[in-house]
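Here is a walk through one model, from its domains to its chain contact. Keep the structure open while you read.

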Amino acid sequence: MSGNFEVIGSRAARKDAPNKSTGKAQYIEDIKFPGELAGALLQSPHAHAKILNIDTSKAQALPGVVAVITARDVPAVKYGVSPARYDENLFAVDRVRYVGDEIAAVAAEDLTTAQKAVELIEVEYEPLPVLLSVDQATAEGAPWIHEEFPDNICAQVEQEFGDVEAAFADCDLVQEGSFFSKRQDGAFIEPNQCVALMGHDGVLTLHSSTQVPHYVQRTVAMVTGLNMSQVRVVKPYVGGGFGPKASATPIDLSASFLAMKTGRPVRMAYTREQVFLFSRARHGFIHKMKIGAKKDGTLMALDHQATLEGGAYSSFGIATVYYAGSLLGGPYKLPNMRYHGLRVFTNKPACGAQRGHGGVIARALFEQQLDIIAEKLGMDPIELRLKNMMETGDVTCNDLAMSSLGMRECIEAVKNGSGWDEKKGKLPPGKGIGMACGFFVSGAGYPIYRSETYHCTIMIKADEDGGGVTVYTASAEIGQGSDTAMAMIAAEAVGIPYEQVRIKSGDTDFGIDLGAYSSRTTLMTGHATKEAGDNLKAMILEVLAQELGIGQERLDIKNGLVKISGAPVDFTAIRTGYIKEHRGWQDQPQGDELTFREAARLAYLRRGTLVATGKYKPPVLGGKYKGAAVGTSPAYGCSAQVAEVSVDFETGQIKVERITDAHDCGQAVNLTSVEAQMQGSVSMGLGEALFEEVKFDAQGRILNASLGEYHIPTVMDMPETKCIVVESGEPNGPFGAKEVGEGAIMPTIPAILNAVRNATGLVLEETPLTPERVYLALKRHKGA
Amino acid sequence: MSKQAITLTVNGVQRQALVEPNQTLTSLLRDELGLTGTKHGCGVGDCGCCTVILDGETVNSCLVLAMQAQGREITTIEGLAKGTELHPLQQAFVEAGAIQCGFCTPGMILSAKALLDHTPQPTRAEITKGLSGNLCRCTGYEKIVEAVQDAAGKMSEA
């Protein structure tokens, strides 16, 4: 779809890019406040231990130390992500549950003193058995990591849609497989950091590198006991998030308490090692699947079990375990699906949400199994997918409605774009080609806490001089380009050039916005922005219509010019008034059309400052079954990828040589940004497929908590990537737009797995596909 | 050991500073000279976002002691634009969409600048080698490589 747009769909340069290119853009560490104190955390060296005693006297006595706080000094309020699983205390009360669990925080005149004070805090521990795997945590007689969660079960899901057993009985082929993945780290380049300031007006201002200012505001208010209007969260530029920055951190809360206690600004920052310790990134997943098909390739049933190794706290984990099941409902017609999901507590850092939340490894195994089914039935993998794929208007067995779905266009685009027919089955030994598909939500249908709240609100103010507009939004620009997208949507809605829109974002004083997660901002905040823009335009045109004495329906604004339909209208009085008001200025309006500037100035003169608002929350969505809230969304993006790889049989080394990637984003708001999200997704998926694994020793300590030892893709690891943007036109999206940020990662891992299988014949059941793992598998395969 | 006075040239201007013996060049630039465009990402030379150009060669400024900068010439990201006019590399990064979160950008652009200073018309392989010490988690690097190619083309025409 290519609508008749002036701004939407263009390749406008990002609003933030020039300042980011010169070093002028400010991140938390670049913003200093007078009188700052430095904060530091005491974190547990034990993965599991009772705390018998904490003595802070030596730390308190150290010159330069201003405050030391432990669980005794803060309210005993439990928090977390989902209210159904508030299982975290800011500081350990009587037990630590992972290496890195927070015990105390110190504020001092400088960081060195704060760190020294942390070392002087004496804690008496009584070690407890350490549970590092699902097997250990669920073993008979294993101690419970949380007393309120028997047998270390964080969450359990049982769902069945249709009649799976009956369907299997009718199938010609039943395929079974399993998969095991490792914990991934978010590896955003800017470590989390914050500064808290307590004013004499009773307002706590927290500057934080977060994806979710609203949720941080809410958590800080709840834990400190301040009310929401006494807590302001400000997000400056943020150096990436990808999910792990989507909740309040212990440093957000510690700095807040220390600022309240000392009355001085308190800065706290994670080191890179602490980023790994805090984690909240991708879970380790164990999946088992049984898939039934007819001999013509029709998919009939899926029986799916997922077990998530979750770490010490719930974080986003309930949502993760639901997503791991629900995101297999599409993009293929699958009439019968059963899901058994389990999330288990262990004595490791808590896992949470990361790009493609919960769905990535389930997708990897499912798509791998589809390739095996295709082979057993003598079908091309693409033919099997085309046969089963959903189309616009289809609803999955778990009630996800595909209000637009360019799945066919994506599949055909990667088939043609990769030269599939010329390559599949015709490549030399060691070379392989594989494909996979996927889909993802365009924003979670419900907030994290149960509420009828709007998911976002927007204010757009016309500049009083008429020169443009300013958008005020609490949404979170974290690098994905939301400021630019909202400015483009506002420009399109108001009818002015993109350059005339300024945007102020990431501040809870600007309203409500649930934040940058679940690929929600373009669709949801975009809706609210469009509504506010439409309203502002109507306000201006109402004044203009009165002034001109014509019906408002005859007026419109496009590209900064007032469009008047019907008979010519004399606007000389307005122009003359404007020119007289700006005597001596060099940029007087001219030409035979009235400008936005003149109209907006007139509207201000008649009505005062013009502020229009917009808001959005999704309509009631999805099914009534337990867990239906996870996976429902106003719209779904979908994608297909073809990967081409080479495998070195001597070393097990895999090289991804080429990715052909198609994604249906409904309507690109900014074409360059859509491609950029697709390319970034490929890189994160490639890292997870080939290298990324957070490793632990037997005591639960991370072995590779640095970007030197934890390998994320460098520029040299990246294949040539061809991006094809598909635009199906989403009826529930602003100007037809829906997600790209997370759906685009879905096919990457399975496309690589299928290409490796094509090259080697190996069905690999474990990521990352390190040379060692691949070499050993090749050796076993050869011997077999 | 107490603080020592050093003199160095930063972005063409001679500067003096009192530095601690264990202070890094990153800290000198950011905390003493107010050049916060140099980012502090890992502190151990893994991520490359603190990259600056020291006597014509890129270094991770977190791995250089401030005292080692005595008498030497440093280019930081603040030294590229002329007034409000962006350097061709900066312009190319903006236009190609090579910037997302922007935290790696200053280091990435400086690595690209050092590369083009030595190799004005680099091949794709030379570009990827030249940028291999700078991690980016957002972009997948494709548009960064394109930006460097675009800038190299434009700079050779100029």
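**Domains, core and contact**

In this predicted model, the C-alpha centres of domain 1 and domain 2 of chain A are 40 Å apart. Their contact draws 15 residues from domain 1 of chain A and 14 residues from domain 2 of chain A. On the side of domain 1 of chain A that touches domain 2 of chain A, eight residues are nonpolar, four are polar and three are charged.

Where do these domains run along the chain? Domain 1 of chain A covers 17-25 + 454-616. Domain 2 of chain A covers 31-128 + 189-240 + 245-278. Chain A also has a domain 3, made of 284-392 + 406-446 + 623-783.

Now take chain A as a whole. Chain A holds 20 helices and 25 strands. Its radius of gyration is 28 Å, close to the 28 Å that the globule rule gives for 784 residues, so chain A is as compact as a globular protein of that length. Along the principal axes, its C-alpha atoms fill a box of roughly 90 × 75 × 50 Å. Of the 784 residues in chain A, 61% are buried. Take the contacts in chain A between residues at least 6 apart in sequence: 81% of them join residues at least 24 apart.

Next comes the core. The largest nonpolar core has 310 residues. Which members touch the most others? They are A:Val106, A:Val471, A:Met488, A:Ala490 and A:Ile752. Look at A:Ile752 in detail. Leaving out residues up to four places away in sequence, A:Ile752 touches A:Gly434, A:Ala643, A:Val645, A:Val656, A:Leu686 and A:Ala689.

Turn to chain B. The domain assignment gives domain 1 (4-79) and domain 2 (88-157) of chain B. Their C-alpha centres lie 21 Å apart. Here 16 residues of domain 1 of chain B are in contact with 13 residues of domain 2 of chain B. On the domain 1 side, β3 (51-54) and β4 (57-60) of chain B each supply at least two residues. β3(B) gives the most, with three residues. By class, that side of domain 1 of chain B has six nonpolar, eight polar and two charged residues.

Last, see how the chains meet. The contact takes 39 residues from chain B and 42 residues from chain A. On the chain B side, α2 (88-96), α3 (105-118) and α5 (142-157) of chain B are the elements that give two or more residues. The largest share, four residues, comes from α2(B). This side of chain B divides into 20 nonpolar, 13 polar and six charged residues.

Methods. Residues numbered from 1 in each chain as written. Chains lettered and ligands numbered in written order. Predicted model: local features only at pLDDT ≥ 70, side-chain atom pairs only at ≥ 80, totals over all residues. Domains from an automatic or database assignment. Contact = placed C-beta atoms within 7 Å. Nonpolar A, V, L, I, M, F, W, Y, C, P; charged D, E, K, R; others polar. Core = buried A, V, L, I, M, F, W, Y, C linked by C-beta atoms within 7 Å. Buried ≥ 20, exposed ≤ 12 C-beta atoms within 10 Å, placed from the backbone. Rg over C-alpha atoms; globule rule 2.2 N^0.38 Å.
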